[in-house]
Structure formats: structure tokens, C-alpha cells
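Colleague: Put the model up, please. I'd like to go through the labels and hear what each one rests on.

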Number of protein chains: 2
Amino acid sequence: MKAQRFSMGCRSALLVGATLAGVLGTTVTVRAQALKDLQTPDTPLVLKAQGSFYVGGEKSEQTEVQLGSLGPGGHITVNQMYVRYMVPQGGDGNVPVVMVHGATLTGKSWETTPDGRMGWDEYFVRKGHPVYVPDQVGRGRSGFNQAVFNNVRAGTTPAGDQPAMFRFSDEVVWPNFRFGSKPGEPFPDSQFPVQAADELSKQGVPDVSRLLPTPNPTFKALSELAGQLKGAVLMGHSQSGSFPLEAALLNPAAAKGLVLVEPGRCPDTYSEEQITTLATVPILVVFGDHRDTPTGLTTLPTWQARFEACQTMISRLKRAGGQAQMLSPAETGFRGNSHMIMQDKNHLQIADLILQWIDAHVSKQRVGGR
Amino acid sequence: MKAQRFSMGCRSALLVGATLAGVLGTTVTVRAQALKDLQTPDTPLVLKAQGSFYVGGEKSEQTEVQLGSLGPGGHITVNQMYVRYMVPQGGDGNVPVVMVHGATLTGKSWETTPDGRMGWDEYFVRKGHPVYVPDQVGRGRSGFNQAVFNNVRAGTTPAGDQPAMFRFSDEVVWPNFRFGSKPGEPFPDSQFPVQAADELSKQGVPDVSRLLPTPNPTFKALSELAGQLKGAVLMGHSQSGSFPLEAALLNPAAAKGLVLVEPGRCPDTYSEEQITTLATVPILVVFGDHRDTPTGLTTLPTWQARFEACQTMISRLKRAGGQAQMLSPAETGFRGNSHMIMQDKNHLQIADLILQWIDAHVSKQRVGGR
């Protein structure tokens with residue numbers, strides 16, 4: 001991959017002072033800046049198809065209390081995965097790309113950026129790929145199994161049985177997503193549009209992933225989706241960074257390529273047999289800059305530690321004959337990229353490098369479009 | 001509006017036997033039929049723009065426990081509203097339509113139907129209108145304030161303080177959404193694609209609307225969205241059927257027209273002053289058939305009772321000089337339409353009637369596109 005130089009823009013810390021001032025009160029109305037900031041592309045987007053559907057899911061029989069006491073007990077569907085898709089005109093024979101979001105977030109991560117620029121979902125479509133954006137099982141439009149919360153409310157289950165719902169505070173996002181070491185103090189070369197940090201804050205939803213059965217149903221749903229698509233590139237981010245690996249182990253033939261964007265983990269627990277299976281699939285791991293920054297969460301290691309775990313996994317895959325490689329500042333020359341690399345100011349340049357990798361390592365054609 | 005005859009299709013109850021058989025066990029894998037059933041339109045969809053953004057939201061300062069004990073306390077954003085949008089090429093000067101979903105559902109209601117046909121979101125775009133589809137505050141990609149649930153888990157708040165999370169059982173959906181009087185027994189003229197009832201089931205998410213402050217922040221978010229759009233038609237469904245009325249009262253100039261699809265309520269509590277304000281906005285109320293069916297929820301009245309409340313409101317609006325009218329089987333001749341009228345088999349014919357009403361009663365042009 002060709003290294004590219006990036007002209008660093010030195011961003012003033014003053015620029016975000018106004019944004020952070022809004023954080024001081026307990027309930028301060030956030031200025032709705034989003035609609036007016038939306039950018040319109042120069043050329044229309046021509047779609048053969050778009051829409052949404054679900055993958056997976058199972059029936060759960062629940063009591064009146066578990067259903068919220070609005071009516072009698074009965075069955076609902078749980079553990080299904082919502083997927084929104086766009087197929088470009090003329091691109092339905094190209095390999096589809098599935099983009100999975102991270103912790104406390106939804107598929108929104110891949111749509112319009114917090115400062116109103118085109119998201120990777122549309123950009124990959126414009127580059128000819130059908131794009132499928134799920135909400136992880138348990139999040140957003142995929143919903144979650146509410147039974148235990150209603151049982152706790154009714155007193156029939158101890159309160160400790162309901163799982164914690166995670167959110168990252170705005171203050172923690174700055175070091176953990178590596179916009180800067182402290183809230184309101186961006187790295188001079190930060191690629192994240194920090195003036196729109198309040199818009200990113202709105203993307204946060206409660207993360208009830210501890211509610212989910214083991215293994216996480218999203219793994220199977222992703223492998224099924226890839227199978228139904230007759231092959232797909234699976235892209236994960238952060239919490240879901242390792243999900244493409246898990247889906248590929250369930251159905252390696254359908255995983256045409258894996259892109260792990262700032263993965264929260266590259267497991268060191270895979271057996272040699274699993275590594276041999278994963279070595280049949282081209283794998284790209286993408287990391288940003290400033291990875292040594294303490295995350296602000298004592299429970300979470302630095303991103304450098306995860307980066308190193310991924311380097312170890314890449315080495316194992318290569319020894320097993322796999323095509324696996326790292327895309328980080330050392331390879332690209334880009335500096336200042338954050339954890340939210342798909343929303344960074346140079347996000348389309350990063351996307352181009354991933355698209356080049358797909359072109360080089362993944363068969364662009366698949367047998368028969370949808 | 002011109003009355004149209006509808007040729008009744010007599011649907012066999014046997015057809016859904018297989019679907020309902022899956023409901024008997026406690027955890028039965030639902031057949032993933034959705035992707036293969038997706039229908040592709042004959043002509044491409046040409047968009048000037050598409051993407052997503054948020055409206056509203058406020059900062060909430062929370063403790064470590066309230067944030068799920070992953071890191072220290074801090075601020076998050078709550079009560080924001082996610083909005084996905086599509087603007088047709090050449091249609092950005094036309095009046096936008098905002099489509100809001102009902103209880104236990106998300107914006108998915110307006111997307112691809114459970115049996116894979118084009119949703120109203122795309123159809124209205126193809127008819128020239130920019131379309132904006134929110135997730136109500138507290139639902140789907142809009143998230144909700146998880147603080148009380150984490151407090152209850154930690155034992156610092158009584159369990160009864162956390163609100164119930166509602167879901168409709170599959171069994172209750174049949175009479176309440178008026179597919180048939182009993183599960184698995186559709187009305188002979190039912191317009192709902194009952195063979196895809198299991199796909200509708202997947203659209204359900206926990207409804208935590210009792211968690212929300214009063215008034216519901218979605219009202220203000222909708223009025224702000226209409227204002228930012230320089231005028232819009234606001235469409236609500238079921239639980240949100242009255243939301244367009246509330247948004248119009250906050251900003252009547254921005255509410256170019258209101259479409260209340262099977263509204264859960266047409267309030268009888270509006271003052272004469274409020275009715276006078278609402279009489280300045282064209283209002284269409286849309287109802288389906290079989291409204292006398294008991295809902296299967298003793299807490300909820302029949303849809304006929306809501307229909308009659310809406311007739312009363314329409315009469316009040318007319319006496320105040322307003323343009324308000326009912327669109328129901330009595331006016332259209334269509335029989336068998338369900339509560340999920342935007343997913344019914346004749347959904348595009350119903351959409352056409354609404355589009356005709358918009359053309360006749362709402363200024364199609366607005367001052368300046370986005």
C-alpha cells in the first residue's frame with residue numbers, strides 16, 4: 001500500500017471551549033447544529049435498491065410482568081439483528097461490505113459524521129459496493145430482551161440480576177477515543193472534528209451487551225448475513241472489532257475479507273486450528289494514532305495494548321500462510337487519527353486505503369448479485 | 001377525494017398455520033426469510049442527499065453507577081431524537097414529510113415491509129418528497145436515559161422507581177393491530193401480509209416511554225425539525241398519532257400539514273384556543289377497518305373508540321374553520337386495512353390517497369430547499 005503524506009492542521013484548543021462550556025450544568029440544552037451543517041454531495045446517489053430487514057432472532061415466551069404488564073403473557077422475538085442496506089446501481093455484482101458499530105453506539109456510527117460529512121456507508125456505495133449496516137443484537141433498532149428489567153421492577157427477581165447498562169461520559173470519550181488526553185484539549189494533529197463532539201455524544205445509547213447470551217448472537221447473525229449475501233467483507237469497530245473473526249469461524253467461505261477497525265481485542269485464545277481457518281480469509285487491521293493515551297477508564301487497557309495484541313495475531317496468521325496486515329500511521333503516514341476513524345476529517349482517505357485493500361485482496365466479483 | 005373500489009382477496013387461515021406453529025415453544029429459531037424476500041424496484045432511486053442527524057437533546061450529569069460503573073461519573077446527552085433522511089434528486093423544493101412510528105416500534109415501521117416490499121419512506125421520496133424518519137426519543141437509535149436502571153441495580157433506588165418496558169406479544173398483535181380477532185386467524189379481507197407476522201415481530205423493541213419527562217421531548221424535537229426544514233408535513237402513527245398535533249401547537253407556522261395514521265388518541269382536552277390554532281393547519285386522519293375488534297388488552301379501548309374521538313376532534317376543527325378530514329373505509333371503499341396500514345398489501349394505494357391530499361391541501365412548494 002502506498003504511504004501518503006498528510007498535511008497536519010493545528011487545531012486550536014480555544015475552538016472547543018464553547019462546546020465544553022455546555023458540559024458544566026446538569027441539564028443544558030445542546031445546540032441542535034446538525035441539520036444546518038449537513039453537506040450535500042455534488043452528484044446524486046443512484047441506488048438499485050435500499051431498505052432494511054432482520055437477520056436471526058428467536059421466540060421467547062414471557063409472562064405478563066415480563067412484557068411490562070400492559071396485557072397478558074405471550075411470545076416475542078428476541079436476539080434479532082436489524083440491517084439497513086443500500087445497493088448502488090450497477091454494483092450488485094460487487095462484494096458487499098457489512099459495517100458493525102462499537103460499544104454504546106449503533107449503526108449511526110457509519111452514517112453522516114457528527115459534523116455533517118458523508119458517512120462511510122454512502123462512500124462505499126458510491127465506490128460500487130452494496131453496504132449493509134446492522135445494529136448489534138441488543139442495541140438500537142435491534143432491541144433487547146426487557147424481561148429481567150420488568151421482573152426486577154415487580155420484585156420477583158433481585159435487582160442485581162439485571163445487567164448494568166453502559167454509557168461513556170463525554171469526559172471519558174476524549175482520552176478513550178483519543179481526541180486528546182483531556183476533555184476539551186485536542187491533540188494538535190487530531191483528525192476528529194472536535195467542534196462536533198456534542199453531536200457524537202448524541203449517538204450514545206445504553207449498551208446492554210451483558211444481557212446477551214454467550215456466544216453473542218451477533219456473531220451468528222453476521223455469519224448468516226454473509227452467507228445470505230453469498231459472500232461479504234465484514235467490518236467491525238472497537239467492541240465489534242473481533243466480531244468479523246467470530247463470524248468467519250462460523251462460516252469461513254462466506255467471509256470474503258475482514259476489516260477490523262480499532263478492534264477492542266484481537267483474541268490470543270484462538271487455537272492453531274482456528275488460526276488455520278482464519279488464515280484462509282484476507283484480514284486488515286486498522287489503527288489510528290496516539291494509542292499510548294491512558295483511556296480514562298481504569299478497567300480498560302490502552303489502545304496500544306490492543307494494537308500489540310493485533311500485531312501478535314497478525315504474526316500468527318502470517319505464519320499459518322494468511323494474508324493479514326496492519327494499517328496504522330506507521331504504514332500510511334497519516335497522523336492524528338482517532339478511535340472514531342470513520343468520522344475523522346480524513347475519513348475518506350482512510351476509506352480509500354481500505355477500498356484499495358479490498359480491490360487487491362478480495363475478489364471484487366461474486367457469483368450472482370441479489 | 002375519489003372513492004376507489006378494492007377487490008377483496010380471501011386469504012386462507014391455513015396460510016399462516018405454519019407461522020403460528022413456531023410460537024408454541026419457548027425458544028424457537030425464527031426462519032430468517034427477510035433478505036431473500038426483498039423486492040427490488042424496476043427503476044433506480046436517485047437521491048440528491050441521504051444520511052442522518054439528531055435533533056434536540058440535553059446534557060445530564062451522572063454518577064459512576066448511573067453510567068454503568070465502567071468509568072468515573074460525567075456528562076452524557078439524553079432526550080435527543082435520531083432522524084434518517086432521503087432527499088430525491090430535483091425534489092428538495094417540495095414539502096418534506098416526517099414519519100413517526102408507534103409504541104414498541106422504531107422508524108423501521110416506515111421502511112421495507114415485513115414481507116419485503118418498498119416502504120412508505122422510499123415511496124414518498126419517489127413521489128418527490130424529502131422524507132425524514134425519526135426514532136422517537138427513548139427508542140431505537142435515539143437511546144434513553146439508563147441512569148435509574150443502574151441505580152436500581154446498585155440498590156440505591158427502589159426497584160419500583162424504574163419504569164416498565166412495554167412489549168406487545170405476538171398473540172396480542174393480531175387483535176390489537178387488527179389482523180384478525182385471534183392469533184393465526186386473519187380476517188378474510190385482511191390487508192396485512194400475515195404470512196410475514198414473524199418479521200413484524202422482529203421490529204419490536206422495549207418501549208420505555210414512561211421514563212420520559214413530561215411533555216414528551218419528541219413533541220419539541222418534531223416542532224424543531226419542522227422549523228429547521230422551513231415547514232413539513234408531520235405524520236404520526238398509533239402512539240405517536242397525536243404527536244403532530246402537539247408539535248403544531250408548539251410551532252404552527254412550520255406544520256404545513258398533519259397526517260394522523262391510526263392515532264392512539266385525538267385529545268378531547270384541547271382548549272378552544274388550541275383548536276383555533278390547529279384549525280390553521282390542514283389535518284388528515286387515516287383509519288383502517290375492523291375497528292370494533294377487542295384489542296386483547298383490557299387496558300386499551302377499541303380502535304373504534306379512538307376513531308370516534310378523532311371524528312369529534314375533526315368536528316371541532318371544522319367548526320373553527322379548519323380543513324380536517326377522515327380517510328377510512330367509508331371514504332375510500334378499501335376494506336380490511338389493519339393498524340399497520342403502512343405495511344398492508346395495498347399500502348401504496350393508501351399512500352397515493354395521502355399524497356393526493358397533500359397535493360390538494362398543502363402547498364407543495366416551500367421557500368428554498370435545504
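Modeller: Pairing first: two strands pair if DSSP finds at least two bridges between them. Strands are DSSP runs of E (at least two residues) and helices are runs of H or I (at least four), numbered from the N terminus. Bear in mind that this is a predicted model, where local features need pLDDT of at least 70, side-chain atom pairs count only at pLDDT 80 or more, and totals for chains, interfaces and linings use all residues. As for labels, residues are numbered from 1 along each chain as its sequence is written, chains are lettered from A and ligands numbered from 1 in the order in which they are written, and side-chain values use heavy atoms, leaving out hydrogens and water.

Colleague: OK, what makes β1(A) and strand β1 (residues 45-62) of chain B a pair?

Modeller: Three bridges join them, and the strands run antiparallel. The rule asks for at least two bridges, so they pair. Val46(A) has Val46(B) as its bridge partner in β1(B).

Colleague: And how do you know that β1(A) and β2(A) pair?

Modeller: They share 14 bridges, in the antiparallel sense. Glu61(A), for one, stands opposite His75(A) in β2(A).

Colleague: Why is β1(A) called largely enclosed by the rest of the structure?

Modeller: Because 14 of its 18 residues are buried. Buried means under 20% relative accessible area, exposed is over 50%, and partly exposed is in between (1.4 Å probe, protein chains only).

Colleague: Why is Asn79(A) called buried?

Modeller: Its relative accessible area is 15%, and the cut-off is under 20%, so the label holds. Asn79(A) is in strand β2 of chain A and has a positive phi of about 65 degrees although it is not a glycine.

Colleague: What about Glu262(A), buried or exposed?

Modeller: Buried, with a relative accessible area of 0%. Glu262(A) is in the loop between β6 (255-261) and α9 (272-278) of chain A, and here too we have a non-glycine with a positive phi, of about 45 degrees.

Colleague: Next, Gly102(A): which residues is it in contact with, leaving aside its neighbours within four places in sequence?

Modeller: Contact means heavy atoms within 4.5 Å. On that basis the list for Gly102(A) is Gln136(A), Arg139(A), His237(A), Ser238(A), Gln239(A) and Ser240(A). Gly102(A) is buried, at 0% relative accessible area, in the loop between β3 and α3 (120-126) of chain A.

Colleague: How do you know that the span of helix α7 (residues 217-228) of chain A agrees with what it should be?

Modeller: The expected span is 1.5 Å times one less than the number of residues. For the twelve residues of α7(A) that gives 16 Å, and the end C-alpha atoms are 16 Å apart, so it agrees.

Colleague: What do the buried residues of α7(A) pack against?

Modeller: Among their partners in chain A are β1 (45-62), β2 (74-88) and α8 (243-250). The buried residues include Phe219(A), Leu222(A) and Leu225(A). Just after α7(A), Lys230(A) takes a positive phi of about 60 degrees.

Colleague: What is the peptide bond from Thr214(A) to Pro215(A), cis or trans?

Modeller: Cis, with omega near -5 degrees; Pro215(A) is in the loop between α6 (197-201) and α7 of chain A. In chain B, the bond from Thr214(B) to Pro215(B) is cis with omega near -5 degrees.
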